[in-house]
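Subject: Handover of a structure and notes on its interior

Dear colleague,

My notes on what was found in it come after it.

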Amino acid sequence: MKKEEIPSFADYLTSGRKVKMQFFNQINNLVDWRPITTLINRHYTKGMSATGKPAYHGLLLFKMSLLQTWYGLSDYEIEDRLNDSISFSRFCGLQLNESSPDHSTLSRFRSIMTQTKAYDKIMKNLNKQLEAKKIIVKTGVIVDASIIDSPLKPKGQSTYEIEESLQEEGEDENKNKSDNQNPQKTESAPKMIKKVLKPGVDDEGSWVKKAGKLRFGYKKHTITDEQGMILGLVTTKASVNEISNLEEVLESTDLPAGTRVSGDKGYQSEKNATLLKSKNLKNQILKKAKKNKALTKWELKFNKIIGQTRYKIERTFGSIKRWFNGGVARYRGIAKMHTQNLMESMAYNLYRSPGIIMPSGKI
């Protein structure tokens with residue numbers, strides 16, 4: 001007779017976390033973390049902590065960042081959750097007798113990885129793994145842009161001040177000398193006017209008018225496969241028009257020759273058509289009517305067919321907003337906003353992957 005197994009205290013504690021643990025186990029089985037660890041270690045040196053103890057591994061901090069994105073947590077909140085949640089600790093490889101890295105450690109890690117542009121390389125490696133498992137398929141891609149609103153926007157009327165030029169700063173020292181040598185009246189140096197930014201305003205963001213409304217912040221220019229999986233992205237200030245940087249967006253990922261490139265009418269231009277042809281990519285950007293020339297029946301049919309796939313990138317943007325509270329800037333400056341966009345993209349791809357590789361969720 002088989003001896004009845006008695007549930008342990010740990011089993012009791014984790015009984016309510018089965019869904020989380022199943023997802024975390026799927027991600028750990030799906031991803032080979034060794035090349036990710038190698039990439040992180042090239043840019044983040046552990047060294048020793050302030051107390052003399054060995055510092056936390058970079059992979060642990062990266063997994064903390066994933067959890068932070070999946071659950072919409074701040075640096076303080078993820079620190080607390082990692083200390084309280086067994087499922088979080090097990091996913092990150094943190095032992096029960098170890099405490100979570102504090103919020104300042106996570107912040108320093110993010111700053112170092114941002115400065116060295118390591119997140120772009122990590123995303124490319126993760127996507128390469130997903131492509132090998134046929135989760136990402138590059139037969140066709142979609143490009144589009146989405147605005148990230150920043151709460152650090154200017155408020156009230158703008159103020160300006162006169163900026164002293166270098167020539168004018170030295171004017172006082174040489175004034176008497178110049179007057180004695182040249183009694184004629186000399187012209188003063190031209191005065192430069194600059195905008196005064198109030199405290200708490202993100203000076204790297206910008207205004208843009210969208211759907212009749214003014215919005216302040218940034219814009220992420222994204223390229224996905226035809227199922228909405230994110231392949232690459234570029235982050236700019238909100239005022240940058242997507243038609244002007246298609247080449248930069250395409251270069252954020254590796255596309256094989258013959259790939260279909262879809263996009264809305266905003267990307268339609270002779271320059272972009274020439275660009276796609278030079279890269280041996282198929283142009284499937286929506287057609288737009290020209291002045292005094294309506295679309296033909298064939299062009300209308302073409303737009304309808306492309307529209308059946310192109311909407312999926314909008315679904316990607318919407319899912320990031322719903323699932324991860326995305327669409328709002330959490331940091332200041334383009335560099336850190338690019339990091340936020342990359343982390344949300346990696347979190348999105350990994351979140352969807354178990355369901356793509358096998359609808360039952362088993363890997």
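This is a predicted model: local features need pLDDT of at least 70, side-chain atom pairs count only at pLDDT 80 or more; totals for chains, interfaces and linings use all residues.

Nonpolar core

The largest nonpolar core contains 63 residues. Those that touch the most other members are Ile40, Phe62, Leu67, Trp70, Ile122 and Met346. Helix α4, which spans residues 58-70, gives the most to this core, contributing 8 residues. As a general background, nonpolar side chains in soluble globular proteins tend to be buried together.

Apart from its neighbours within four places in sequence, Ile40 is in contact with Gly58, Leu59, Phe62, Phe109, Met113 and Ile122. Two of these partners, Phe62 and Ile122, are themselves listed with Ile40 among the residues that touch the most other core members.

Tyr44 can be examined next. Tyr44 sits in the loop between α3 (33-43) and α4, and its relative accessibility of 9% makes it count as buried. With neighbours up to four places away in sequence left aside, the contacts of Tyr44 are Tyr56, Gly58, Leu61, Thr105, Phe109, Ile112 and Met113. Gly58, Phe109 and Met113 are contacted by Ile40 as well as by Tyr44. The C-alpha atoms of Tyr44 and Leu59 are separated by 9.9 Å, and the two residues are 15 apart along the chain.

Aromatic pairs

The whole structure holds 16 aromatic pairs. One of them joins Trp70 and Phe91 in a tilted arrangement, with 5.9 Å from centre to centre and 50° between the planes. Trp70 belongs to helix α4 and Phe91 to helix α6 (residues 86-92), so this pair ties together parts that are 21 residues apart in sequence. Both partners are buried: Trp70 has a relative accessible area of 6%, and Phe91 has one of 2%.

Another pair is formed by Trp323 and Tyr351, whose ring centres are 4.9 Å apart and whose planes meet at 45°, so it is tilted as well. Here Trp323 lies in helix α13 and Tyr351 in helix α14, and the pair therefore ties together parts 28 residues apart in sequence.

Salt bridges

The count of salt bridges comes to 9. Among them is the one between Arg310 and Asp144, with the closest N and O atoms 3.5 Å apart. Arg310 lies in helix α13 (residues 297-324) and Asp144 in strand β1 (residues 140-149), so the pair ties together parts that are 166 residues apart in sequence. Both Arg310 and Asp144 are buried.

A second salt bridge brings together the side chains of Glu242 and Lys219, at 3.2 Å from N to O. Glu242 is placed in the loop between β6 (230-237) and α11 (246-250), whereas Lys219 is in strand β5 (residues 213-225), so the link spans parts 23 residues apart in sequence. Glu242 and Lys219 are both buried.

A further salt bridge joins Glu251 to Lys279, the closest N and O atoms being 3.9 Å apart. Glu251 is in the loop between α11 and β7 (260-263), and Lys279 is in the loop between α12 (270-278) and β8 (282-285), 28 residues away. Glu251 counts as partly exposed at 49% relative accessibility, and Lys279 is partly exposed at 31%.

A buried arginine without a salt bridge

What does Arg352 reach, given that it is buried yet has no salt bridge? Its side chain reaches the backbone oxygen of Gln227 at 2.7 Å. Arg352 is found in helix α14 (residues 334-357). Not counting residues up to four places away in sequence, Arg352 touches Gln227, Gly228, Met229, Arg315 and Trp323. Trp323 is also the ring partner of Tyr351 described above.

With kind regards

Notes:
Residues are numbered from 1 along each chain as its sequence is written. Side-chain values use heavy atoms; hydrogens and water are left out. A nonpolar core is a set of buried Ala, Val, Leu, Ile, Met, Phe, Trp, Tyr and Cys residues joined through side-chain atoms within 4.5 Å. Buried means under 20% relative accessible area, exposed over 50%, partly exposed in between (1.4 Å probe, protein chains only). Helices (H or I, at least four residues) and strands (E, at least two) are DSSP runs, numbered from the N terminus. Contact means heavy atoms within 4.5 Å. A polar contact is a pair of N or O atoms within 3.5 Å; within protein, one must be able to donate a hydrogen and the other to accept it, and residues adjacent in sequence count only if both atoms are side-chain atoms. A salt bridge is a side-chain nitrogen of Lys or Arg within 4 Å of a carboxyl oxygen of Asp or Glu. Rings of Phe, Tyr and Trp (its six-membered ring) pair if their centres lie within 6.5 Å; planes under 30 degrees apart count as stacked, over 60 as edge-to-face and the rest as tilted.
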